[in-house]
Amino acid sequence: MPLLPHESPVSLGEGLTPMIESPALAAEIGVARLWVKDEGQNPTASFKARGMSAAMTRARGAGVPGVVVPTAGNAGAALAAYGAAAGLPVQVFAPRTTPRPILDTIEAMGATLVRIDGHIGDAGKLALAFAAEHGFFNVSTLREPYRVEGMKSMGFELAEQLGWRLPDVVVYPTGGGEGTIGIWKAINEMIAAGWLPAGSAQPRYVVAQAEGCAPIARAFAAGHEKAEPWINPLTYAAGLRVPSPLGDRLLLKVLRETKGVASAACESDIAHWTKRLATATGIDAAPEGGCALSVLRDSVIQGTISTHAEVVVFNTGSGASYRS
Ligand SMILES: *Cc1c(COP(=O)(O)O)cnc(C)c1O
């Protein structure tokens with residue numbers, strides 16, 4: 001983790017989220033065992049807290065005058081909180097269509113919020129220009145190196161919570177790719193450091209996307225090495241509305257190397273599986289988590305994921321963020 005010996009991290013108690021096993025969902029989906037890692041229990045209600053803790057630790061250490069981010073929502077809420085914790089001014093560019101509770105959180109934490117017409121790609125251009133003009137540090141997904149380092153804690157916890165072994169399959173609802181890449185990087189580092197039993201190998205990664213914005217799933221199906229921008233991205237699962245993920249090449253490489261799967265769910269299946277995730281477990285499921293479950297279900301039906309598999313599904317956010 002990017003922490004110098006004399007430093008303490010900018011932290012709000014992120015991480016160590018529960019990993020809850022659901023025999024009921026395992027039976028319904030048709031896999032051997034299934035756990036849900038509930039990232040909605042992080043500060044500001046998503047896994048983005050992990051990345052922003054690491055990023056703000058380094059930003060504060062570097063003495064930057066302020067921080068700026070383009071966001072589909074949760075990264076902005078997390079940056080607003082961790083920026084406040086670090087004592088840094090925060091500027092956020094977010095689509096007007098972002099769920100209201102998320103926009104309210106950004107403003108409640110004292111950040112300057114600019115609501116834009118368009119998607120996160122449009123917000124990204126504004127953030128770049130703002131950073132150049134004001135000297136603010138741009139913490140856009142995978143554009144700076146530290147957020148993904150913070151994401152590694154999901155990979156460490158995955159192994160720790162299973163008793164220092166790995167699952168067969170990790171299902172992640174993927175937008176920009178930072179969460180998925182962080183887990184993969186952590187597991188590579190654990191294997192290299194000898195923290196895991198001899199012979200441990202990367203799990204298979206399932207990248208779950210929405211049919212209305214599925215650049216990685218499309219590129220994967222076509223066997224491409226990079227993704228083309230998705231025109232007119234549209235999905236209720238705001239965290240997945242990322243038309244040009246910067247991590248596309250690395251994600252596609254990880255998928256090839258781990259015999260992974262990238263696939264998309266339609267909006268009605270996302271809604272159905274969000275509800276099932278909540279009602280079968282009591283976890284406050286986000287639509288992104290429902291999307292992950294839906295894609296897993298399809299993959300089992302199609303035979304790309306084995307019925308003998310032990311699977312961890314990430315519920316990356318909270319249903320509460322969508323209730324206004
Ligand atoms: C950001 C986000 C995602 C996508 O994560 P990436 O790291 O950008 O792939 C998924 N779900 C939620 C709730 C998010 O906030």
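Visitor: What should I know about the model before reading values?

Guide: This is a predicted model, where local features need pLDDT of at least 70, side-chain atom pairs count only at pLDDT 80 or more, and totals for chains, interfaces and linings use all residues. Residues are numbered from 1 along each chain as its sequence is written, and side-chain values use heavy atoms, with hydrogens and water left out.

Visitor: Which polar side-chain atoms lie close to ligand atoms, and at what distance?

Guide: A polar contact is a pair of N or O atoms within 3.5 Å; within protein, one must be able to donate a hydrogen and the other to accept it, and residues adjacent in sequence count only if both atoms are side-chain atoms. Thr316 places a polar side-chain atom 2.7 Å from a ligand nitrogen.

Visitor: How much of the ligand does the protein bury?

Guide: Accessible areas come from the Shrake-Rupley method with a 1.4 Å probe; for residues, only the protein chains shown count as cover. Taken alone, the ligand exposes 380 Å², and the protein buries 95% of that.

Visitor: Is Ser153 buried or exposed, and what does its side chain reach?

Guide: Buried means under 20% relative accessible area, exposed over 50%, partly exposed in between (1.4 Å probe, protein chains only). Ser153 is buried, at 15%. Helices are DSSP runs (H or I, at least four residues), as are strands (E, at least two), numbered from the N terminus. Ser153 is found in helix 6, residues 146–161. Its side chain reaches the backbone oxygen of Gly150 at 3.0 Å.

Visitor: Where does Thr44 lie, and what is its phi?

Guide: Thr44 is in the loop between strand 2 (33–38) and helix 2 (48–62). Its phi is near 60 degrees, a positive value in a residue other than glycine. Thr44 is buried, with a relative accessible area of 19%.

Visitor: What about Ala45?

Guide: Ala45 lies in the loop between strand 2 and helix 2. Its phi is positive too, near 65 degrees. Ala45 is buried, with a relative accessible area of 19%.
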